[in-house]
Amino acid sequence: MKKIGLIGGMSWESSLVYYQIINEKVREVLGGFHSSKCVMESVDFAEIEKLQHINDWNSLNKMMADSAKNLENAKADIIVLCTNTMHLCSEAIRNNVSVPFLHIAVATGKKIKEKKIKKVLLLGTKFTMEKDFFKTILKDDFDIEVIIPNETDREIVHQIIYNELVHGKIESDSKKEYQRIINDSIKNGAEGVILGCTEIPLLINNKDISIPAFNTTRIHAESAVEFALKQ
């Protein structure tokens, strides 16, 4: 079994879910007393959030690259960044480590392709929805069209993440807002929805909506296990 290196803390609630999914999947596949070989480098999300909102991506790139190098030094065989938004730092990570980096959009694109879905709604932070790092991979590598909510709804999605979900708050009114936004996207041709923030599945899942939901947290974590167990 290979060792999984996790960059966590963004937020710690979602990092906890990564750890749980990875270990549950290992036990499901191998049985018995098996659990994952993994190591986590966890950052202080307050520092990350501050740098995000002043657009200091140079500092963020350095923090993520340093975290990845620490994991490589801890003998990790693969790097998994336990957050969607911070994949904006993917290039900095790849340029500073020699072990593979598992990109969340690549793992998600493979799952959407398996379902033969061609058009999806992307929900996440404003950084994830408005910047191209996720959308470009889906379009160029998988020929999947990505749509995002209108500006007002993007702000709603973003604020619910930062004001509620990263603090572990689950509000029924917020779930209804997400459901409304997803239902609006169906009218615009969305065949599925990407839950493109590691906290969103804490609020909403497949049972709450009428189109397939792609939980990037679960997809990413299980893809890491697939790599770790591959002979």
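Let me begin with a definition: buried means under 20% relative accessible area, exposed means over 50%, and partly exposed is in between, using a 1.4 Å probe and protein chains only. R218, with a relative accessible area of 37%, is therefore partly exposed.

Before going on, a word on what you are looking at. This is a predicted model, in which local features need pLDDT of at least 70, side-chain atom pairs count only at pLDDT 80 or more, and totals for chains, interfaces and linings use all residues. Residues are numbered from 1 along each chain as its sequence is written, and side-chain values use heavy atoms, with hydrogens and water left out.

I will start with salt bridges. Side chains of opposite charge can pair when their charged atoms come close. A salt bridge here is a side-chain nitrogen of Lys or Arg within 4 Å of a carboxyl oxygen of Asp or Glu. How many salt bridges does a search of the whole structure find? The count is 16.

R218 takes part in one of them. Its partner is E222, and the closest N and O atoms are 3.1 Å apart. I will be naming helices and strands, so note that these are DSSP runs numbered from the N terminus: helices are H or I with at least four residues, strands are E with at least two. E222 and R218 are in helix α10 (residues 216–229), and because they are 4 residues apart there, about one helical turn separates them. E222 has 23% relative accessibility, so it counts as partly exposed.

The next pair is K69 and D66. Their salt bridge has its closest N and O atoms 3.5 Å apart. Both residues lie in helix α3 (residues 57–73), 3 residues apart, which is about one turn of the helix. K69 counts as partly exposed because its relative accessibility is 31%. D66 is at 26%, so D66 counts as partly exposed.

Then there is D143 with K118. Their side chains meet in a salt bridge of 3.1 Å, N to O. Which parts of the chain does this pair link? The parts are distant ones: D143 is in the loop between α7 and β5 (145–147), K118 is in the loop between α5 and β4 (119–123), and the two residues are 25 apart. D143 counts as partly exposed because its relative accessibility is 41%. K118 is at 41% relative accessibility, so K118 counts as partly exposed.

Salt bridges also form a network, which links D153, E177, R180, D184 and K187.

Now to the helices α5 and α7. Axes are lines fitted to C-alpha atoms, for helices over the stretch in contact, and angles run from 0 to 180 degrees between N-to-C directions. The axes of α5 (residues 104–114) and α7 (residues 133–142) come within 9 Å and cross at roughly 45 degrees. That angle is why α5 is oblique to α7. Oblique is what remains after the other classes: under 35 degrees is roughly parallel, over 145 roughly antiparallel, and 65 to 115 roughly perpendicular. α5 passes α7 in a right-handed crossing. Right-handed means that the near helix is turned clockwise from the far one by less than a right angle, and left-handed means anticlockwise.

Next, the backbone. Where is a cis peptide bond? The bond from M10 to S11 is cis, with omega near 0 degrees. S11 has its place in the loop between β1 and α1 (12–30).

K75 is not a glycine, yet its phi is positive, about 75 degrees. K75 sits in the loop between α3 and β3 (78–81). Is K75 buried or exposed? Its relative accessible area is 62%, so K75 is exposed. K116 also is not a glycine and has a positive phi, of about 60 degrees. K116 is in the loop between α5 and β4. K116 counts as exposed because its relative accessibility is 70%.

Last, the surface. M1, V29 and L30 make a nonpolar patch of about 250 Å². Patches are made of residues with over 30% relative accessible area and no salt bridge, with like charges joined within 9 Å and nonpolar side chains (Val, Leu, Ile, Met, Phe, Trp, Tyr) within 5 Å. Accessible areas come from the Shrake-Rupley method with a 1.4 Å probe, and for residues only the protein chains shown count as cover. M1 is in the segment before β1 (4–8). M1 counts as partly exposed because its relative accessibility is 38%.
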